[in-house]
Amino acid sequence: MNATSPLRPILDLTRDELIAWVEEGGERPYRADQIRKWIFGKRVTEFDEMHDVSKVVRERLKAEFRLFSSEVVKHQVAKDRTEKLLLRLQDGNHVETVLMREPNRRTVCISSQVGCAMGCVFCASGLLGVKRNLTTAEILEQVLRVDRLLGPDERLTNVVVMGIGEPLANMRHLLPALDTLNDKGGMGLGYRRITISTVGLPEKIREFASHDKPYSLAVSLHAPNDELRTRLVPVNKNIGIDAILQAADDYFAQTGRRITYEYVLLRGQNDSPEHAAELGRLLAHRAAHVNLIPMNSITDLPYAEPGEPQTRAFFDVLARYGVVTTVRKRKGADIDAACGQLRLERERGEAALVEIAAPTVADVPA
Ligand code: SAH
C-alpha cells in the first residue's frame, strides 16, 4: 500500500507552500494554519478527522497528500516507560525513534539518516554505513508518531536529534524540520528545547550557526586528544579537536548557547582520571557542559561501560577543573534503546524477523 503511494507527504511542505496550495483551490490562506493545527496540535492521523476543514478541502488533501509515510513495525515499551518505535519508510528502510519520560519532560530522540557514515567504533548505527538522508517529512514524522503515543495530558517538551545518522550531514532536510518544530503553528518548541548532536564537523557547525536560530548544540567529543579521538571517532583524522572546539566556541559566541560535550565512557579506553584531567584542561575556560554517557553495550562490539566508581572518579576530576558535568541516566535499558540496535537487528535478520514485523502494539506492557 504505502510503498507505491503516488501521494506527496504533506509534512514536506513549508507553511508558505501549504498556504499557496490552499489558495490554488480558491480558499483563504488561514485554512493552511487550520490544517497545520490539526497535524501538529491535535494529533490526527487522517485528513477526515479535520472537522472544521471543509469537505472539499479534505477531499483535495486526500487526493494529493499523505499525512504519514512510514509504518510502525515495532513498538516497545520499557519498564521506565521509555518507548521505542521502529519505523519502516516507503522504500523499505528502517529508522528508530525513542520517547523518554522524566517527571517534567517528554523528550523524543529522532534519527536524521538511514545509517551513518561516521563509523564511531562503539556505535551500532554506523556498522552498515549510510544509505541515504531522511527527508524533511521523514524527520518530522518521527516526532509526530511519538507525540501520538502520549496521553491526553502529556506534551512533548524536548526534541534531540541523537538517533541514527549525522544531522549536520543532512542539513538541507533537517533545518526546515527543526524550524517547523520551533514554529508556533508547528510544534511550538523553543530553540533551547531542540538539540542536535554532531560528531563535530566545523564547517557545518558554522553553517548551522549562520541559520541564525539558536538551537542547542551537542558535540560528541569522546576523547581529550587527537590520537585517541581518531581511534574512537575515525572521521576525526582530517578534522582534529582544535578545529571542532573553535567552531563550537564560535557557535556559542553567535547564539549565546552553551555547548554540551558528549563523552561516551568506554572501559579502559578513554575513562581514566588522566583523560578526565586532559578534558578538564580543554574545557575549563569554555562555555561548556559535559555529558558523560556510560556506554550502552552492543552485541558484536568489544567495548563496555566503565562502571560506577570509575564514572564517579572521572566526574570528580572534571568538577575539580570547574567543568559542569552531568552523567546521562540510562533509559529503556530493557528495550535496546541505544541508537541503531533495533534497525541493525532488522537489517541483518529481515527474513528471520518477519513474524514479528506486524504488530503496532507494545511488545512489553508498561
Ligand atoms: N552523529 C551524531 C548524532 C547521533 S549519535 C553524533 O555523533 O553526535 C548520538 C550520541 O550517542 C553520540 O554522542 C554518540 O557518540 C552516542 N553513542 C553512540 N553509540 C553509543 C553507545 N553504544 N553507547 C552510548 N552512546 C553512544
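Predicted model: local features only at pLDDT ≥ 70, side-chain atom pairs only at ≥ 80, totals over all residues.

**Notes on loops, a helix and the ligand site**

1. G268 is located in the loop that joins β12 to α9 (273-283), where helices (H or I, at least four residues) and strands (E, at least two) are DSSP runs, numbered from the N terminus. With a relative accessibility of 64%, G268 counts as exposed; the cut-offs are under 20% relative accessible area for buried and over 50% for exposed, with partly exposed in between, using a 1.4 Å probe and protein chains only. Between the C-alpha atoms of G268 and V72 there is a separation of 38 Å, and the two residues are 196 residues apart along the chain.

2. Residues are numbered from 1 along each chain as its sequence is written, and side-chain values use heavy atoms, with hydrogens and water left out.

3. R257 is buried, its relative accessible area being 13%. Computed along the sequence in residues, R257 and A288 are 31 apart, and their C-alpha atoms are 9.3 Å apart in space.

4. Which residues are the closest to the ligand? They are G165, S197, S220, H222 and N296, within a shell of 19 residues that surround the ligand, a residue being counted if one of its heavy atoms lies within 4 Å. The shell divides into 10 nonpolar, seven polar and two charged residues; here Ala, Val, Leu, Ile, Met, Phe, Trp, Tyr, Cys and Pro count as nonpolar, Asp, Glu, Lys and Arg as charged, and the others, Gly among them, as polar. Strands β10 (194-198) and β12 (259-265) each supply at least two residues of this shell, and at least three come from each of domain 2 (70-198) and domain 3 (202-334), with bounds taken from an automatic or database domain assignment.

5. A polar side-chain atom of S220 lies 2.6 Å from a ligand oxygen atom, a polar side-chain atom of E166 lies 3.1 Å from a ligand nitrogen atom, and a backbone N or O atom of F122 lies 3.0 Å from a ligand nitrogen atom. Of the 540 Å² of accessible area that the ligand has on its own, the protein covers 94%, areas being computed by the Shrake-Rupley method with a 1.4 Å probe.

6. Two residues deserve a check of their backbone angles. Most residues other than glycine have a negative phi.

7. Is helix α5 mostly covered or mostly open? It is mostly covered, since 10 of its 12 residues are buried, including M171, L174, L178 and L181. At 1.5 Å a residue, the 12 residues of α5 (residues 171-182) should span 16 Å, which agrees with the 16 Å between its end C-alpha atoms; the expected span is 1.5 Å times one less than the number of residues.

8. Two further positions complete the note. V199 sits in the loop between β10 and α6 (202-210) and counts as buried at 5% relative accessibility; its C-alpha atom is separated by 6.0 Å from that of V219, 20 residues apart along the chain. E345, in helix α11 (residues 341-348), is partly exposed, with a relative accessible area of 33%, and its C-alpha atom is 9.8 Å from that of A124, although E345 and A124 are 221 residues apart in sequence.

Key. Polar contact = N/O pair within 3.5 Å; in protein donor to acceptor, adjacent residues only side chain to side chain.
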